[in-house]
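Student: Could we go through this structure together, asking each time what stands behind the words we use?
Tutor: Gladly; let's take the terms one by one.

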Amino acid sequence: MNAGRVPLAKQRCLNHPARDAAVKCPGCGSFFCRECTVEHEGRFLCAACVEKNHPAKARGEGRWKAVLFKGMLLVFALLLSCLFFYWVGGAVIQLSTPSAFMAGGFP
């Protein structure tokens with residue numbers, strides 16, 4: 001059978017011959033089921049083509065940078081919230097304390 005002339009509906013997955021093909025990989029031209037492909041930059045590619053085009057992304061390298069950035073962002077957000085509540089607490093104390101007490105009028 002010529003794979004180029006058989007419609008997609010009659011193709012089988014290269015990795016799972018018992019399954020119908022859902023996608024033709026634009027990188028290698030092979031047919032795959034939905035489980036054997038990933039969406040990458042708006043196209044469905046097989047794992048081998050993703051590895052071939054972007055080996056570092058396929059292995060998850062560089063992920064530590066994203067985790068580090070998210071951790072630093074969390075620490076910054078916590079520090080900023082502490083500063084905000086410190087200022088709000090100071091304003092509440094200033095507004096709720098009588099002015100005579102602040103001036104030293106009470107014994």
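Student: Why is Cys 36 called buried?
Tutor: Cys 36 has a relative accessible area of 12%, and buried means under 20%, exposed over 50% and partly exposed in between, with a 1.4 Å probe and protein chains only. The value falls under the cut-off, so Cys 36 is buried. Please keep in mind that this is a predicted model, where local features need pLDDT of at least 70 and side-chain atom pairs pLDDT 80 or more, while totals for chains, interfaces and linings use all residues. Residues are numbered from 1 along each chain as its sequence is written, and side-chain values use heavy atoms, with hydrogens and water left out.

Student: What does Cys 36 touch, not counting residues up to four places away in sequence?
Tutor: With contact meaning heavy atoms within 4.5 Å, Cys 36 touches Cys 13, Asn 15, His 16, Leu 45, Cys 46 and Ala 47. Cys 36 is found in the loop between β2 (31-32) and β3; helices (H or I, at least four residues) and strands (E, at least two) are DSSP runs, numbered from the N terminus.

Student: What makes a set of residues a nonpolar core?
Tutor: The members must be buried Ala, Val, Leu, Ile, Met, Phe, Trp, Tyr or Cys residues, joined through side-chain atoms within 4.5 Å. The largest such core here has nine residues, including Cys 36, Phe 32, Leu 45 and Cys 49. Strand β4 and helix α1 (47-53) each supply at least two residues of this core. One member, Cys 49, also touches Cys 25, Gly 27 and Cys 28, leaving out residues up to four places away in sequence.

Student: Is Arg 34 buried, exposed or partly exposed, and how do you know?
Tutor: Arg 34 has a relative accessible area of 46%, so it is partly exposed. Arg 34 lies in the loop between β2 and β3 and, beyond its neighbours within four places, is in contact with Ala 22 and Phe 44.

Student: Which side chain has a polar atom 3.3 Å from the backbone oxygen of Arg 34?
Tutor: That of Thr 37. A polar contact is a pair of N or O atoms within 3.5 Å; within protein, one must be able to donate a hydrogen and the other to accept it, and residues adjacent in sequence count only if both atoms are side-chain atoms. Thr 37 sits in strand β3 and is buried, with a relative accessible area of 6%. Val 23, Phe 32, Phe 44 and Leu 45 are touched by Thr 37, again without residues up to four places away.

Student: How do you know that β3 and β4 pair?
Tutor: Pairing requires that DSSP find at least two bridges between two strands. Strand β3 (residues 37-40) and strand β4 (residues 43-46) have four bridges, in the antiparallel sense. They form a hairpin with two residues between them, and Glu 41 in the turn has a positive phi of about 55 degrees. His 40 stands opposite Arg 43 in β4.

Student: Why is α3 said to lie largely in the open?
Tutor: Of its 34 residues, the number buried is zero, so α3 lies largely in the open.
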